[in-house]
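Q: I have a model open and would like to go through it. Can you walk me through what is there?

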Amino acid sequence: MIIDPILLIFLALAVTVLAVVLLVMALAYAKNGQKLHQSEELNRHLQEQMSEKPIKLLENAHEKAQELIDEANRHANEILASSKAYEDNSNVALKEKLAQLEKDQEAVFETASAEMKSAYQDLLSQIQEQDMNALKSMTKDIQSDVLADFKEFRGTLEKETINSEKVVKEKIDEEYLQIEKELQDYKKQKYQKIDEDIYKILYRVSEMVLSQGITFDKHKQLVLEALETAKKEQVFK
Amino acid sequence: MQDSALFDHITEKIRLKSEMTAVFICLEDFTSNFFAPKNDDEMQRVFDNLPPALAQVMKDSYLQEPVTHENQSLVHKHVEDLKDKLRTLRVVQLTLAFQPNEEAIAIFSDWVKKNITVDTIIDLQFDKTIVGGALLIADGQYKDYSVRKKLAGRFQIQRDEIVGLLS
């Protein structure tokens, strides 16, 4: 088999290119590795520095804070001392002021009280007078209203009385007629009863008279007649 | 005399229910003598409470021959048969407005025995409110033949006329 020279060249070129690429890549790798090493060194260095610095910073801060606190305490004590003195002075002054104020207020209140009292009395008198006037006028109004109502009431009463009288009269007439009718019915019933009673009495008297009026022989005859009648009616089977 | 004829003879003489009751009492008294003997006088008076005619018939029937141990049972049976016969007598109840005497009772009894049967007796009751006539109860029937009823009927019929007279 014969290999094409072009192909061969191509292949050679390709291999060459590849080799070059590999070389470049290797160089790049080496370079990056070195950079990395350097970075790591730097990082370590920085970390060491950083670990040392905060501690120092903290220590400095602590010292400064302590100094500040001491200063503040000193200052506060001074203020307290001064305020204590001020307080005592203020108390005394305040007491004096209060006493003075109290006296002033007392005087003012007395004056105000007197004024209010006189004003109240004046007002009371005014109100009293007003009430009296109002009461007088109300009384007059009431009086006139009452008189008017009374007149009206009287008129109504008179009218109603007349009407009532009429109604009562009609009622009485009606009742009278009713009673009269009941009386008539009662009389009729009574007469009927009397008639009944007389009838019964008459009957009883007839019985008694007949009973005593029938002779012994008549009795016998009546019994025999009864027996004959019973025989005819076939009572005796 | 044979028993049935004797019984008929006895029942002919009984007019009223009260007489029948008296015969029963006398027969009881007579039969009690079998166990507690009476003397002759007492025996003769056993039937004296009955009406004379009836008393005589009873005496003739039972007192002619003395009662001995031998004929005692026979006599006792005879008496019981008579009692049974008396219980079968027919009764007519008659309510009257008067108390009848012997004569009236005899008249009524004769009529009843003649017109109904010979063994019919009368149960006499008294009620003067019926005024006259009689109330009759016989064979389960009730009849009012009293003067009271007639009077009531007359008063009812002529009521208006009577009331007119009153007013």
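A: Chain A has two helices and zero strands. Keep in mind that this is a predicted model.

Q: How much of chain A counts as buried?
A: Of its 237 residues, 3% are buried.

Q: And chain B, what is its secondary structure?
A: Chain B has eight helices and four strands. Along the sequence the pattern reads α-α-α-α-α-β-α-β-β-β-α-α.

Q: What share of chain B is buried?
A: For chain B the figure is 23% of 167 residues. As for its contacts, among those with a separation of 6 or more, 68% are between residues 24 or more positions apart.

Q: Let's take the strands. In what order do they sit?
A: The order is E2-E1-E3-E4 of chain B, in an open sheet with mixed pairing. E2(B), residues 120-126, and E4(B), residues 141-146, are the edge strands; each has a single partner strand, so one side of each has no neighbour in the sheet. On average, neighbouring strands are turned by 20° against each other, direction ignored.

Q: Which way do E1 and E2 of chain B run, parallel or antiparallel?
A: Parallel, with seven bridges joining E1(B), residues 90-96, to E2(B). B:Leu96 stands opposite B:Phe126 of E2(B).

Q: What packs on the sheet there?
A: Helix H6(B), residues 102-115, packs on the sheet and touches E1 and E2 of chain B. The direction of H6(B) makes about 140° with that of E2(B).

Q: How do E1 and E3 of chain B pair?
A: They pair in the antiparallel sense, over four bridges. B:Leu96 has B:Ala134 as its bridge partner in E3(B).

Q: And E3 with E4 in chain B?
A: Also in the antiparallel sense, over six bridges. Within that pair, B:Ile137 stands opposite B:Tyr142 of E4(B).

Q: Is E3(B) enclosed or exposed?
A: Five of the six residues of E3(B) are buried, so the strand is largely enclosed by the rest of the structure.

Q: Next, the backbone. What is the phi of B:Asp139?
A: B:Asp139 has a positive phi of about 55° although it is not a glycine. B:Asp139 belongs to the hairpin of E3(B) and E4(B), which has two residues between the strands.

Q: Buried or exposed, that B:Asp139?
A: B:Asp139 is exposed, because it has 12 other C-beta atoms within 10 Å.

Q: What about B:Val131, where is that?
A: B:Val131 lies in the loop between E2 and E3 of chain B. It has a positive phi of about 75° and is not a glycine. B:Val131 is buried, because 26 other C-beta atoms lie within 10 Å of its own.

Q: Switching to the helices. Which residues of H4(B) are buried?
A: In H4(B), residues 52-62, the buried ones are B:Leu54, B:Val57, B:Met58 and B:Tyr62. Seen down the helix axis they fall within an arc of 110°, so they line one face of H4(B).

Q: What do those buried residues of H4(B) pack against?
A: They pack against H1(B), residues 3-13, and H2(B), residues 17-32.

Q: How many residues does each chain put into the contact?
A: Chain B gives 27 residues and chain A gives 24 residues. On the side of chain B, the elements giving two or more residues are H6, E3 (133-138), E4, H7 (147-157) and H8 (159-166). H6(B) gives the most, with five residues.

Q: What is the make-up of that side of chain B by class?
A: The side of chain B that touches chain A has 19 nonpolar, four polar and four charged residues.

Q: Last topic, the largest nonpolar core. Which residues have the most contacts inside it?
A: The largest nonpolar core has 34 residues, and those with the most contacts inside it are A:Val223, A:Ala226, B:Leu94, B:Leu96, B:Ile122, B:Ala134 and B:Leu136.

Q: Which elements give two or more residues to this core?
A: From chain A, helix H2 (216-232); from chain B, H2, H4, E1, H6, E2 and E3.

Q: Which gives the most to this core?
A: H2(A), with five residues.

Q: Why would nonpolar side chains be found together like that?
A: As a general matter, nonpolar side chains in soluble globular proteins tend to be buried together.

Technical notes
Residues are numbered from 1 along each chain as its sequence is written. Chains are lettered from A and ligands numbered from 1 in the order in which they are written. This is a predicted model: local features need pLDDT of at least 70, side-chain atom pairs count only at pLDDT 80 or more; totals for chains, interfaces and linings use all residues. A residue is buried if 20 or more other C-beta atoms lie within 10 Å of its own, exposed if 12 or fewer, and partly exposed in between; C-beta atoms are placed from the backbone. The arc is that of the directions from the helix axis to the C-beta atoms. Two residues are in contact if their C-beta atoms, placed from the backbone, lie within 7 Å. Two strands pair if DSSP finds at least two bridges between them. Axes are lines fitted to C-alpha atoms, for helices over the stretch in contact, and angles run from 0 to 180 degrees between N-to-C directions. Ala, Val, Leu, Ile, Met, Phe, Trp, Tyr, Cys and Pro count as nonpolar, Asp, Glu, Lys and Arg as charged, and the others, Gly among them, as polar. A nonpolar core is a set of buried Ala, Val, Leu, Ile, Met, Phe, Trp, Tyr and Cys residues joined through C-beta atoms within 7 Å.
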